[in-house]
There are 2 protein chains.
Amino acid sequence: MKKGFIFDLDGTVYRSDELMPGARSVITKLDVQGFGIVFLSNKPLHSRQYYADNLDQLGIPVDVNQIVTSSYVMGYHLSETDKGATVYPVGEEPLVRELKGSGMVISEDPEEIDYVVASFDRNFHYDKLNIAFQAIMNGARFIATNPDRTCPVKNGEVPDAAGMIGAIEGVTGKKVELVAGKPSKLMVKAAIDRLDVEPEDCLLVGDRLETDIKMGNDHGITTALVLTGVTSREDLAGSSIKPTYVLENLYQLPEKLDLGLETGS
Amino acid sequence: MKKGFIFDLDGTVYRSDELMPGARSVITKLDVQGFGIVFLSNKPLHSRQYYADNLDQLGIPVDVNQIVTSSYVMGYHLSETDKGATVYPVGEEPLVRELKGSGMVISEDPEEIDYVVASFDRNFHYDKLNIAFQAIMNGARFIATNPDRTCPVKNGEVPDAAGMIGAIEGVTGKKVELVAGKPSKLMVKAAIDRLDVEPEDCLLVGDRLETDIKMGNDHGITTALVLTGVTSREDLAGSSIKPTYVLENLYQLPEKLDLGLETGS
């Protein structure tokens with residue numbers, strides 16, 4: 001019997017402003033029955049409160065502490081391993097706030113910087129690249145919030161954190177040392193710590209094989225792939241990454257896992 | 001007997017505003033005796049006229065057509081292979097001028113762009129990365145002026161074109177297809193075409209093993225490493241790249257090559 005549930009957000013719980021079939025019904029029932037629930041997003045552009053408000057508006061009331069973003073994980077990890085160190089965020093305001101909130105000191109002085117944190121940054125420019133470069137050449141560690149190549153938007157996709165990581169790798173000749181977001185162990189750890197349960201007592205539900213399902217499989221967590229997002233049955237057949245369960249949509253979650261919840265909406 | 005001479009500029013002919021020992025004396029003598037001479041730079045931040053003026057001021061009068069930069073090579077290559085095509089330069093004004101001067105059409109519209117040209121760009125920012133990304137995803141070719149990780153400046157070094165290349169590679173998942181600058185075949189070709197001699201009748205003089213000497217060796221050109229720049233005898237001993245000649249400074253060029261020029265200054 002599972003005690004904790006980890007849901008990917010985009011493509012699993014909703015897409016754009018639309019709930020995925022069964023999301024509200026199943027999550028509400030899990031909540032009512034007292035299961036622990038957290039929600040994951042690799043996207044570092046919004047605060048956790050933004051995601052909590054967004055879910056509220058979609059009829060899924062959640063607490064801000066149930067939201068785990070890659071920015072939050074980065075701050076959480078640094079606060080646990082090197083609290084008070086000086087960081088230079090190549091990222092947007094929500095990342096800066098998460099890092100400050102985790103007790104980190106923000107600086108643009110390459111001689112002071114202990115960590116360069118590369119992230120999805122729509123204000124990325126050459127001067128930021130130069131600060132990151134000088135800091136890393138001066139001995140700063142090079143880490144990142146999320147590894148995503150692109151971010152889906154209304155009419156397609158736009159460059160994500162892989163652009164900033166690639167620029168810094170290109171000029172320093174050094175590979176990024178650690179990435180906080182999926183499929184990183186750090187994101188699993190943050191989610192598990194929030195739920196306060198053992199990994200084997202958790203279920204991770206997501207729509208992406210290479211991030212969601214890989215992360216669960218790699219860290220001893222039962223996984224459920226939901227086919228409402230980017231992955232088709234054909235993709236699944238062609239991939240070496242296999243989830244524990246496959247769900248057409250979230251309505252199938254209770255019966256597949258024999259959760260003793262009523263099915264249907 | 002050599003007929004054409006190809007000189008790297010920075011570290012070989014001068015460093016910052018200072019001529020290297022023997023540079024003026026030897027280059028003037030080669031010129032007086034009617035040898036063909038061209039000068040190479042990977043740096044895409046200045047026009048060829050800028051380099052010609054700079055050499056003039058240092059006492060080495062040259063024609064603008066003797067200067068071969070990576071921006072020039074890029075324009076020259078495109079004009080020979082796809083004249084009139086539409087390019088998006090991720091670079092500074094001198095690159096834009098070289099490309100226009102070579103008969104290329106400049107555009108920021110991803111649907112029109114045939115080639116994204118990544119370069120050293122101190123005005124690089126996210127919006128440029130996004131245009132490059134959208135264009136390449138739409139089928140544009142991805143090429144670059146020069147592969148340099150960093151560019152030396154007065155008090156150290158700053159990010160060079162490898163930053164812009166790395167950012168675009170990171171978000172597109174595609175490797176740059178072609179680089180114009182050293183050690184590319186394209187730069188050799190542009191220099192040889194300028195000199196109008198056969199490769200085996202040329203000598204290439206430079207201070208860098210991985211760019212200057214490698215490029216000469218790879219393309220059938222006799223090479224001379226000059227030890228006035230970044231390479232020491234120790235570096236040379238530890239490298240698999242070996243020049244034909246090794247010169248303490250340019251004064252040694254005539255005697256080593258038995259050019260029949262007077263030595264000394």
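Which residues in α3(B) meet which residues in α7(B)? Ser70(B), Tyr72(B), Val73(B), Tyr76(B), His77(B) and Glu80(B) are the ones on the α3(B) side, and they meet Leu186(B), Met187(B), Lys189(B), Ala190(B), Asp193(B) and Arg194(B) of α7(B). Welcome to this structure, which is a predicted model. Below is a friendly tour, from the pair of chains down to single residues.

**How the two chains relate**
- Chain B can be superposed on chain A by a rotation of 180° with 0.0 Å of shift along the axis, and the RMSD is 0.0 Å.
- The two copies are therefore related as by a two-fold rotation axis.
- Both copies use the same surface, since 100% of the contact residues of chain B recur in chain A.

**Where the two helices from the opening cross**
- Helix α3 of chain B spans residues 70-82, and its axis comes within 9 Å of the axis of α7(B).
- The two axes cross at roughly 85°, which makes α3(B) roughly perpendicular to α7(B).

- Chain B holds an open sheet of six strands with parallel pairing, in the order β5-β4-β1-β13-β14-β15.
- At the edges stand β5 (67-69) and β15 (245-247) of chain B; each has a single partner strand, so one side of each lacks a neighbour in the sheet.
- On average, neighbouring strands here are turned by 20° against each other, direction ignored.
- Within the sheet, β1 (residues 4-8) and β13 (residues 202-206) of chain B pair in the parallel sense over four bridges.
- Look for Ile6(B), which stands opposite Leu204(B) in β13(B).
- Helix α7 (residues 185-195) of chain B packs on this sheet, where it touches β1, β4 (36-41), β5 and β13 of chain B.
- The direction of α7(B) makes about 155° with that of β4(B).

**The sheet in chain A**
- In chain A, an open sheet of six strands has the order β5-β4-β1-β13-β14-β15, with parallel pairing.
- Its edges are β5 (67-69) and β15 (245-247) of chain A, each with a single partner strand, so one side of each is left without a neighbour in the sheet.
- Strands β13 (residues 202-206) and β14 (residues 222-226) of chain A run parallel and are joined by four bridges.
- Val205(A) has Ala224(A) in β14(A) as its bridge partner.
- Helix α1 (residues 23-32) of chain A packs on the sheet and touches β1 (4-8) and β4 (36-41) of chain A, with its direction at about 140° to that of β4(A).
- Helix α2(A) also packs on the sheet, touching β4 and β5 of chain A, and its direction makes about 135° with that of β5(A).

**A hairpin in chain B**
- Strands β10 (residues 150-153) and β11 (residues 156-159) of chain B run antiparallel and are joined by four bridges.
- The hairpin between β10(B) and β11(B) passes through two residues.
- Thr150(B) has Pro159(B) in β11(B) as its bridge partner.

**Helix α4 of chain A and its surroundings**
- Helix α4 (residues 93-101) of chain A has Pro94(A), Leu95(A), Val96(A), Glu98(A) and Leu99(A) as its buried residues.
- These buried residues pack against α2 (48-57), α3 (70-82), β6 (86-90), β7 (105-106) and β8 (115-118) of chain A.
- Just after α4(A) comes Gly103(A), with a positive phi of about 90°.

- Leaving aside neighbours within four places in sequence, the contacts of Met74(A) are Leu99(A), Val117(A), Ile143(A), Ala144(A), Thr145(A), Leu178(A) and Ala180(A).
- The C-alpha atoms of Met74(A) and Leu95(A) are separated by 8.7 Å, with the two residues 21 residues apart along the chain.
- Val171(B) is placed in helix α6 (residues 161-172) of chain B, and Val171(B) counts as buried because its relative accessibility is 0%.
- Not counting residues up to four places away in sequence, Val171(B) touches Arg149(A), Thr150(A), Pro159(A), Asp160(A), Ala162(A) and Gly163(A), as well as Leu129(B) and Phe133(B).

How values were computed: Residues are numbered from 1 along each chain as its sequence is written. Chains are lettered from A and ligands numbered from 1 in the order in which they are written. This is a predicted model: local features need pLDDT of at least 70, side-chain atom pairs count only at pLDDT 80 or more; totals for chains, interfaces and linings use all residues. Side-chain values use heavy atoms; hydrogens and water are left out. Copies are superposed by least squares on the C-alpha atoms of residues with pLDDT of at least 70 in both. Contact means heavy atoms within 4.5 Å. Two strands pair if DSSP finds at least two bridges between them. Axes are lines fitted to C-alpha atoms, for helices over the stretch in contact, and angles run from 0 to 180 degrees between N-to-C directions. Buried means under 20% relative accessible area, exposed over 50%, partly exposed in between (1.4 Å probe, protein chains only). Angles under 35 degrees count as roughly parallel, over 145 as roughly antiparallel, 65 to 115 as roughly perpendicular and the rest as oblique.
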